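This report describes one protein structure, beginning with the packing of a pair of helices. Please keep the sequence and the structure in view while reading.

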Amino acid sequence: MPLTFCDVVTPHVVHLWDQVEPHIRRPLARQPTVRWHENDVLKAILEEKAKLWIAWDEETKTVAAAVVTQIIDHPRCRDCFIWLVGGSRLREWAQAGLDMVEAYARHMNCTCVTGSTRKGWLRIGTGYRDTGVMMEKVL
């Protein structure tokens with residue numbers, strides 16, 4: 001059975017968080033500088049400073065993947081930033097997920113969708129291009 005990609009309304013986030021947290025932990029762990037903990041991400045979502053999306057497996061009633069986005073206002077544009085992505089069965093939900101995030105971004109009057117994801121996403125996301133490399137040096 002295919003996965004269903006959907007956003008999670010804020011009141012339901014806490015009920016799914018035990019399943020979401022492991023998917024969020026992985027991309028956070030890849031960052032050499034600890035900027036965010038899973039609880040910080042949860043707080044941002046509950047305060048509606050970020051939005052949670054999930055790939056839901058109806059057959060097993062489990063979260064197969066999680067995505068967190070943020071709306072970022074810049075001086076000349078509004079950006080829907082794909083902040084965190086983690087989980088499995090990517091090919092089953094990624095394109096539908098990007099389509100939903102893009103529709104949400106349009107609804108929120110964003111001029112673009114960006115993300116600091118791994119290069120493999122460029123093969124999945126139609127119309128996306130590599131705009132550079134995010135560099136980081138831990139001091």
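## Packing of two helices

The axis of a helix is a line fitted to C-alpha atoms over the stretch in contact, and angles run from 0 to 180 degrees between N-to-C directions. In this predicted model, helix H1 spans residues 10-29 and helix H2 spans residues 38-46. The two helices pack at an angle of about 140°, and their axes lie 9 Å apart. H1 is therefore oblique to H2. The crossing of H1 and H2 is right-handed.

On the H1 side, the contact is made by Thr10, Val13, Val14, Trp17, Glu21, Ile24, Arg25 and Leu28. H2 contributes Glu38, Val41, Leu42, Ile45 and Leu46. Sorted by class, the residues in this contact are 9 nonpolar, 1 polar and 3 charged.

## A residue in a loop

Lys61 belongs to the loop that lies between strand E2 (51-57) and strand E3 (62-73). With a relative accessible area of 46%, Lys61 is partly exposed. Apart from neighbours within four places in sequence, Lys61 is in contact with Gln19 and Trp56.

## The protein as a whole

The protein contains 4 helices and 5 strands, and along the sequence these follow the pattern β-α-α-β-β-β-α-β-α. Of the 139 residues in the protein, 39% are buried.

Among contacts between residues at least 6 apart in sequence, 63% join residues at least 24 apart. The accessible surface of the protein amounts to about 8800 Å², and 55% of this surface belongs to carbon and sulfur atoms.

Definitions and conventions: Residues are numbered from 1 along each chain as its sequence is written. This is a predicted model: local features need pLDDT of at least 70, side-chain atom pairs count only at pLDDT 80 or more; totals for chains, interfaces and linings use all residues. Side-chain values use heavy atoms; hydrogens and water are left out. Angles under 35 degrees count as roughly parallel, over 145 as roughly antiparallel, 65 to 115 as roughly perpendicular and the rest as oblique. A crossing is left-handed if the near helix is turned anticlockwise from the far one by less than a right angle, and right-handed if clockwise. Contact means heavy atoms within 4.5 Å. Ala, Val, Leu, Ile, Met, Phe, Trp, Tyr, Cys and Pro count as nonpolar, Asp, Glu, Lys and Arg as charged, and the others, Gly among them, as polar. Buried means under 20% relative accessible area, exposed over 50%, partly exposed in between (1.4 Å probe, protein chains only). Accessible areas come from the Shrake-Rupley method with a 1.4 Å probe; for residues, only the protein chains shown count as cover.
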